[in-house]
Amino acid sequence: MKRPRLTLGNLACALSLAAIAAISWLWVRSYATLDEISRSSDGGVIESMVSFRGGVHFARAGNRAAERKWSWDAYAIPPGADWDVLYFSGTLEFRRLGFGWLRGAPFNTTRPFGNTKNWPLVTWLNITPYNAVVVPYWFIAALLAGPWWWRWVLSPVLARLRPRPGTCRRCGYDLRATPERCPECGTVPRRKPVDAASGVVA
Ligand SMILES: [Zn+2]
């Protein structure tokens, strides 16, 4: 069996596969288990990343939390729970294709998802004032697939767009017989040195 060559491109593709496998595992897990890592930093602001139902929620919330280093917690997601169990108050500014943006409303007055029967899953999370953005796992996976996009999509397209020597730069017609002017579209090739050995216009 032929061993694949160890090139930078192959290495990037291998790392990309490993990263996609890891993110896919989190993706599947996010429908049953809420994973939360958070800390509170200066000013009592809680910074959190929450893996929940197909996406990652990044938030900065509150202003009175005691200082605390990064820590991780997991919660079982009750059936029927949606973003309403994460954002008990505030306003939903945007939600499409798994992306989202939410903001805490003053005085905890508005319910972003109406009067649902669900209760906050993590009571201290996303307390007003807060700002939260949601990035779907499909988007993260697509970004991590960067090296594969390059190999399968971008690189072949670029190779196709690059003009081949000895062809018309406008229509691609073979100009070896008529190097002065394209017989197909009339384009006059830019003056370029002629390769003496082959007679091909480079
Ligand atoms: Zn042409």
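Student: What should I know before starting?
Tutor: This is a predicted model: local features need pLDDT of at least 70, side-chain atom pairs count only at pLDDT 80 or more, and totals for chains, interfaces and linings use all residues. Residues are numbered from 1 along each chain as its sequence is written.

Student: OK, which domains are there?
Tutor: The domain assignment gives domain 1 (8-143) and domain 2 (163-202). Such bounds come from an automatic or database assignment.

Student: How far apart are domain 1 and domain 2?
Tutor: Their C-alpha centres lie 58 Å apart.

Student: Helices next. How do α1 and α2 cross?
Tutor: The axes of α1 and α2 (residues 137-144) come within 9 Å and cross at roughly 170°. Axes are lines fitted to C-alpha atoms, for helices over the stretch in contact, and angles run from 0 to 180 degrees between N-to-C directions. Helices here are DSSP runs (H or I, at least four residues), strands are too (E, at least two), and both are numbered from the N terminus.

Student: So what do we call that arrangement of α1 and α2?
Tutor: Roughly antiparallel. The cut-offs: under 35 degrees is roughly parallel, over 145 roughly antiparallel, 65 to 115 roughly perpendicular, and the rest oblique.

Student: Which residues of α1 and α2 meet?
Tutor: From α1, Ser16, Ala19, Ile20, Ile23, Ser24 and Trp27; from α2, Tyr137, Ile140, Ala141 and Leu144. Contact means C-beta atoms, placed from the backbone, within 7 Å.

Student: And how do α1 and α3 cross?
Tutor: The axes of α1 (residues 8-29) and α3 (residues 146-161) come within 8 Å and cross at roughly 130°. That makes α1 oblique to α3.

Student: New topic. Which residues have the most contacts inside the largest nonpolar core?
Tutor: Val50, Ala61, Leu86, Tyr87 and Ala132, in a core of 17 residues. A nonpolar core is a set of buried Ala, Val, Leu, Ile, Met, Phe, Trp, Tyr and Cys residues joined through C-beta atoms within 7 Å. β2 (46-52), β3 (55-61) and β7 (130-136) each supply at least two of its residues.

Student: Last one. Where is Val45?
Tutor: In the loop between β1 (33-40) and β2.

Student: How exposed is Val45?
Tutor: Partly exposed, with 17 other C-beta atoms within 10 Å. Buried takes 20 or more such atoms, exposed 12 or fewer, and partly exposed is in between.

Student: What does Val45 touch?
Tutor: Beyond its neighbours within four places in sequence, Val45 contacts Ser40, Arg60, Gly62 and Asn63.

Methods
Two residues are in contact if their C-beta atoms, placed from the backbone, lie within 7 Å.
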